[in-house]
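Q: I'd like to learn how to read charged side chains in a protein model. Can you take me through one?

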Amino acid sequence: MTVGVLQIELAIPDSFSLKDKRRVIQSLKDRIAHSHNVSVAEVGALDEHRRSILGFAMVGNDTRYVESALSKLVDLVRAVPQVTLNDYQIDFL
């Protein structure tokens with residue numbers, strides 16, 4: 001069994017309040033959770049309105065498959081125009 005964990009740090013340049021940030025982040029989390037078999041949560045920078053840290057977790061049998069799926073999530077986040085991907089990290093447990 002392989003557990004993959006992805007942590008991404010996002011900038012939200014057009015956010016002027018926590019309400020703006022929540023709208024963007026919730027939309028992104030919903031889109032990813034419904035289209036991919038991962039768990040997602042906002043895990044950091046909760047009180048900053050222009051920054052967010054999201055955590056994703058995925059369990060699978062094959063390490064290569066889990067790594068590929070998490071890498072595709074990074075590409076999906078890069079394509080979202082409302083956010084800028086600052087950094088990401090993939091780990092396996």
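A: Happy to. Let's start with an idea we'll need: a polar contact is a pair of N or O atoms within 3.5 Å, where one must be able to donate a hydrogen and the other to accept it. Keep in mind too that this is a predicted model.

Q: Which backbone oxygen lies 3.0 Å from a polar atom of the side chain of Lys21?

A: The one belonging to Arg51. Another backbone oxygen, that of Ala45, sits 2.5 Å from a polar atom of the Lys21 side chain.

Q: Where does Lys21 lie, and is it buried or exposed?

A: You'll find Lys21 in helix H1, which covers residues 18-35. To call a residue buried, we want under 20% relative accessible area. Lys21 has 3% relative accessibility, so it counts as buried.

Q: What is Lys21 in contact with, leaving aside its neighbours within four places in sequence?

A: Its contacts include Ile12, Ser15, Glu42, Leu46 and His49. Ala45 and Arg51 are on that list as well.

Q: How should I think about charges here?

A: Side chains of opposite charge can pair when their charged atoms come close. In this structure there are 5 salt bridges. One of them is between Glu42 and Lys21, with the closest N and O atoms 2.9 Å apart. Glu42 belongs to strand E2 (residues 39-44) and Lys21 to helix H1, so this pair ties together parts 21 residues apart in sequence. Glu42 is partly exposed, because its relative accessibility is 23%.

Q: Which residue does Arg51 meet in a salt bridge?

A: Arg51 meets Glu9, side chain to side chain, at 3.0 Å from N to O. That pair links distant parts of the chain: Arg51 is in strand E3 (residues 51-60) and Glu9 in strand E1 (residues 2-11), 42 residues apart. Arg51 is partly exposed at 25% relative accessibility, and Glu9 is partly exposed with a relative accessible area of 24%.

Q: What about Arg64: how far apart are the closest N and O atoms in its salt bridge with Asp62?

A: They are 3.9 Å apart. A salt bridge needs the nitrogen within 4 Å of a carboxyl oxygen, so this pair counts. Arg64 is exposed at 65% relative accessibility, while Asp62 is partly exposed with a relative accessible area of 35%.

Key:
Residues are numbered from 1 along each chain as its sequence is written. This is a predicted model: local features need pLDDT of at least 70, side-chain atom pairs count only at pLDDT 80 or more; totals for chains, interfaces and linings use all residues. Side-chain values use heavy atoms; hydrogens and water are left out. Helices (H or I, at least four residues) and strands (E, at least two) are DSSP runs, numbered from the N terminus. Buried means under 20% relative accessible area, exposed over 50%, partly exposed in between (1.4 Å probe, protein chains only). Contact means heavy atoms within 4.5 Å.
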